[in-house]
Amino acid sequence: MSTSTDSGTDPTADPTTDPVEQLAAEGTSVESGDEIGAWATMRQGLVHSPELAEGFGLTLFLALVGTGGRVVVPVAVQQTLDRGINAPGGIDYGFVGQMALLAGLAIVLTGASSYLMTARLFTSAERGLATLRTKAFRHVHDLPLLTQNTERRGALVSRVTSDVDQVSQFVVFGLVFGIISVGQVLLATVVMLVYSWELTLLVWVCFAPLFISLRYFQRRLSLAYGVVRRSVGSMLSAISEPVVGAVTVRTYAIEERTQQRIDEAIRVNQAASTRAQGLTAFSFSLGGVSAGLANAGVLILGIWLGLDGGITSGQVLAFAFLVTLFVGPVQMGTQVLTDAQNAIAGWRRVIGILDTPADLDDPGPSGSSLSRGAMDVTFEDVSFGYPGGTLVLREVDQHLASGSRIAVVGETGSGKTTFAKLLTRLMDPTSGRVLLDGVDVREVEFASLRRRVVLVPQEGFLFDSSLLDNVRYGDLDATRAQVVAAATELGLGDWLEGLPHGLDTRVGQRGESLSAGERQLVALLRAHLADPDLLVLDEATSAVDPALEMRIGRALERLMSGRTSVTIAHRLSTAEQADEVIVFDRGRVVQRGHHAALVQERLEGDEPSVYARLHASWVAQQAL
Ligand SMILES: Nc1ncnc2c1ncn2[C@@H]1O[C@H](COP(=O)(O)OP(=O)(O)OP(=O)(O)O)[C@@H](O)[C@H]1O
């Protein structure tokens, strides 16, 4: 696991520490990839996006042709000068013409191959990165549910979007430039050596400090851009959270506080970027100084060598061209290095997502399939603790008979939702087993499990689409007529007809165009269409008008018939109607039985039982 990143911590929390430093040292539940070296990152990146390497041989060949073409021009200039214009018998127009043609051809060839190479790199980069993005996005869905709860959404989104964009920019522009630059520098050096080893040595000496310090810059830039990428994640988190929670922000008038957090996240990002770019600027300036020295040195030493006749004027002129070919890429190389570090930092974060193991293994088609019919459930000595925390469920040993209606009650935080999540295999127990019809739930194929077991959460998520589409998530193959029939079976036919556009009513983002009670009806309808054998309901506590509440009650009644149902009961009237009630207290099952018996149970010293207390406070609340 990693040591840094976009975790759920507020980077602005401790004013005494530098937020940028803080960001560099934060912990997360998703792999940061920080421990992977630059080359290993690129190798892994290629494994995840094989398209990037497809046809690379031809692309490299085109790059070499393009680079070779550039060196032809200075050589043609030197030849024109020394053997054409300064020819012993006067100007040799034929030779000058040939050289001009050669230079022209070289320019056209260079242009054509550069174009083809860039087009090929563009295509393969975009294909490869689309694959990477798709893989990363798919994997986000497989991440541990617990992780998804704690990892800030904005930061996760930034890994799949802006981090991949950074990689894309580098692969398309940086890599092209990098390939051309390396080839150009090597070839320029070879040709320079042919002309004059003294001048070549001078150029290399001028650039030596830059070359030597490149490794140092590369390391510093790598760290600096790692922090930049994480600050982008934090910034997106800070911005997206209040957008999602806009109503809370407005209701509590905390715009000012929210804005401060966003401003702070932007400031941290700005500070991190400025720090990183300061390094780039420094290395860039060093490149400029080296280039200036090399240019001046070549001219002075070239002319001095020329006085002795050791070098011709054509060669000095060609050398000046060649130094330009040498200087440009080396100076820009620092920019490429910067892009590379930024991209590698982004690449690591995307790979970090892919390297975070999925929490639940789907046994796939080789796993067991659950047969139809009301389901029998057994919890065998089940304990569960969230990562880094203590056990929140302890030694739960329960059998739920098929077809029974079970209500689960307990105080807030007693473990009811955790029990429901284990029952539906949204998480696996820390110890013990959950059996459905006698089969360990870990051995059941996901497809079969999700068909047979349905959880209706308190606030079902609705997608910004029509009501029909949302209901169909229960059964994607259901026809319109089947949806209408399901609604009628649940007694919701007239409610549907009363909606402005019936099943075609748009529900808005997260279903915000519907009332809370209506959203619950959609969730129930969705569950009914799914037709599960085990129905797990987290009963909503939101107050709805009495007519709607009765409607929901009737729909629930029909929904539960003929199947095993487990309801996390917040209204104890639900517990009164259940076949059996299971009472949780601080992670343990402390009572079980029918409502009437449980209310009567007394503890030692004639204290009321947990259920009796819960019931008494509920009755008192109803009387208010
Ligand atoms: N994602 C999580 N990470 C860490 N701890 C958690 C997480 N979810 C729940 N817990 C802890 O586990 C315990 C049991 O929580 P659970 O949600 O199961 O209680 P509950 O009985 O359903 O409560 P409520 O009635 O308020 O929904 C609580 O102490 C809670 O703080």
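A residue is buried if 20 or more other C-beta atoms lie within 10 Å of its own. That cut-off carries several of the points below.

1. **Overall picture.** The model is predicted. Its protein chain has 624 residues, of which 40% count as buried. The secondary structure comes to 21 helices and 10 strands. Take the contacts in the protein chain with a separation of 6 or more: residues 24 or more positions apart account for 79% of them.

2. **Strand β7.** β7 spans residues 534-538. Five of its five residues are buried, so the strand is largely enclosed by the rest of the structure. Which residues point which way? Leu534, Val536 and Asp538 point one way from β7. Leu535 and Leu537 point the other way, and all are buried. In a regular strand the side chains alternate between the two faces of the sheet. Note that Asp538 is among the buried residues here.

3. **Partners of β7.** Strand β6 (residues 453-456) runs parallel to β7, and four bridges join the two. Val453 stands opposite Leu534 in this pairing. Strand β8 (residues 564-568) also runs parallel to β7, through five bridges. There, Leu534 stands opposite Thr564.

4. **The open sheet.** Four strands form an open sheet in the order β2-β1-β4-β5, with antiparallel pairing. β2 (391-400) and β5 (439-440) stand at the edges. Each has a single partner strand, so one side of each is left without a neighbour in the sheet. Inside the order, β1 (residues 377-385) and β4 (residues 431-436) pair in the antiparallel sense over five bridges. Thr378 stands opposite Leu435 in β4. Strands of a sheet pair through backbone hydrogen bonds, either parallel or antiparallel.

5. **The largest nonpolar core.** This core holds 67 residues. Which members touch the most others? They are Val408, Val409, Leu524, Leu525, Val581 and Val583. Helix α17 (residues 516-530) gives the largest share of the core, eight residues. A second, separate core has 41 residues, including Leu52, Val167, Val228 and Ile344. In soluble globular proteins, nonpolar side chains tend to be buried together.

6. **Val581 up close.** Leave out residues up to four places away in sequence, and Val581 touches Ala407, Val409, Ala575, Arg592, Gly593, His595, Leu598 and Tyr611. One of these, Val409, is named with Val581 among the core residues that touch the most other members.

7. **Helices α15 and α17.** The axes of α15 (residues 480-489) and α17 come within 10 Å and cross at roughly 110 degrees. The two helices are therefore roughly perpendicular to each other. Their crossing is right-handed. From α15, the residues at the meeting point are Val483, Ala486, Ala487 and Glu489. From α17, they are Leu525, His528 and Leu529.

8. **Ala487.** Ala487 touches Leu492, Gly493, Leu496 and Leu525, not counting residues up to four places away in sequence. Ala555 is 68 residues apart from Ala487 in sequence, and the two are 9.0 Å apart in space, C-alpha to C-alpha.

9. **Helices α3 and α4.** α3 (residues 56-85) and α4 (residues 93-142) pack with their axes 8 Å apart. What is the angle between them? It is about 165 degrees. The pair is therefore roughly antiparallel. The crossing of α3 and α4 is left-handed.

10. **Gln78.** This residue has its place in α3. Gln78 is buried, with 23 other C-beta atoms within 10 Å. Where are its contacts, leaving out residues up to four places away in sequence? Gln78 touches Gly314, Gln315, Leu317 and Ala318. Gln78 and Leu317 are 239 residues apart along the chain, yet their C-alpha atoms are separated by 6.8 Å.

Definitions and conventions. Residues numbered from 1 in each chain as written. Predicted model: local features only at pLDDT ≥ 70, side-chain atom pairs only at ≥ 80, totals over all residues. Core = buried A, V, L, I, M, F, W, Y, C linked by C-beta atoms within 7 Å. Buried ≥ 20, exposed ≤ 12 C-beta atoms within 10 Å, placed from the backbone. Contact = placed C-beta atoms within 7 Å. Pairing = 2+ DSSP bridges. Axes fitted to C-alpha atoms, helices over the stretch in contact; angles between N-to-C directions. Parallel < 35°, antiparallel > 145°, perpendicular 65-115°, else oblique. Left-handed = near helix turned anticlockwise from the far one by under 90°.
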